[in-house]
Amino acid sequence: MALLLSDSFFPSFGRLRPVRRRHFWDPFDHLLQEISALDAAVTRKEGVFSLSFPTSEFAPEELEVNVVGDSIVVEGTHSSASENGSLERRFCQKVRIPADVDAESIQSVLDAKGNLCVSAKIKKPAVEEGKRNIPIGMAERAEPQQK
């Protein structure tokens, strides 16, 4: 029996390999794709930090942008009712404000395509308090005296 379980007959018997399971059909796959489509696009260009959200399915009055502590919170709520039933759609995205971004300069703009852009200025690096740079000057060379 020891001969049957040896590595010479089963070289991979001593090593366990992770098994990948593939789902050929997932009834909730389309829901996950819709949720991931609401992720914010984050960019930093030319001294501006910006977030872009695809919010074309929401009216401007259904969107809300807030600064809560050190985070930007974007929320959207859409409700509609018909004789066949009702539909309610919500999303909430929370993005932490980086330390080098000026929280007082945060603005939001909704473009014609329905994309919500939240932007803020990036702070210039602050000079450390109590530290002052002293320039180094070059002294003129003294001519050697001739005797």
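User: Which strand does S50 lie in?

Analyst: Start with how a strand is defined. Helices (H or I, at least four residues) and strands (E, at least two) are DSSP runs, numbered from the N terminus. S50 lies in strand β2. Keep in mind that this is a predicted model, where local features need pLDDT of at least 70, side-chain atom pairs count only at pLDDT 80 or more, and totals for chains, interfaces and linings use all residues. Residues are numbered from 1 along each chain as its sequence is written, and side-chain values use heavy atoms, with hydrogens and water left out.

User: What is S50 in contact with?

Analyst: Contact means heavy atoms within 4.5 Å. Set aside neighbours within four places in sequence. S50 is then in contact with A41, V42, T43, C117, V118 and S119.

User: Which side chain does a polar contact join to that of S50?

Analyst: A polar contact is a pair of N or O atoms within 3.5 Å; within protein, one must be able to donate a hydrogen and the other to accept it, and residues adjacent in sequence count only if both atoms are side-chain atoms. Here the partner is T43, and the polar contact is 2.5 Å.

User: How many bridges pair β1 and β2?

Analyst: Two strands pair if DSSP finds at least two bridges between them. β1 and β2 have five, in the antiparallel sense. Look for K45, which stands opposite V48 in β2. The hairpin of these strands has two residues between them, and E46 takes a positive phi near 45° there.

User: In what order do the four strands of the open sheet come?

Analyst: Trace the pairs from strand to strand. The order is β1-β2-β7-β6, and the pairing is antiparallel. β1 (41-45) and β6 (107-110) stand at the edges with a single partner strand each, so one side of each has no neighbour in the sheet. Neighbouring strands in this sheet are turned by 20° against each other on average, direction ignored. For such angles, axes are lines fitted to C-alpha atoms, for helices over the stretch in contact, and angles run from 0 to 180 degrees between N-to-C directions.

User: How many bridges link β2 and β7, and how many join β6 to β7?

Analyst: Take one pair at a time. β2 and β7 pair over seven bridges, antiparallel. In that pair, S52 stands opposite C117 in β7. Four bridges join β6 to β7 (residues 115-121), again antiparallel. There, S108 stands opposite V118 in β7.

User: Which residues touch the most other members in the largest nonpolar core?

Analyst: A nonpolar core is a set of buried Ala, Val, Leu, Ile, Met, Phe, Trp, Tyr and Cys residues joined through side-chain atoms within 4.5 Å. The largest one has 14 residues, and L51, F53, I72, V74 and V118 touch the most other members. Two or more residues each come from β2 (48-54), β4 (71-82), β5 (85-96) and β7. Follow L51: not counting residues up to four places away in sequence, L51 touches A41, V42, I72, V95, L116, C117 and V118.

User: How many disulfides are there?

Analyst: A disulfide is a pair of cysteine sulfur atoms within 2.5 Å. The count comes to zero.

User: What is R89 in contact with?

Analyst: R89 is found in strand β5. R89 is partly exposed, with a relative accessible area of 29%. Beyond its neighbours within four places in sequence, R89 is in contact with E57, F58, G76, T77 and H78. R89 and F58 are 31 residues apart along the chain, yet their C-alpha atoms are separated by 8.8 Å.

User: How many helices and strands does the protein have?

Analyst: One helix and seven strands. Along the sequence, the pattern reads α-β-β-β-β-β-β-β. Buried residues make up 16% of the 147 residues.

Key:
Buried < 20%, exposed > 50% of the residue type's maximum accessible area, 1.4 Å probe, protein only.
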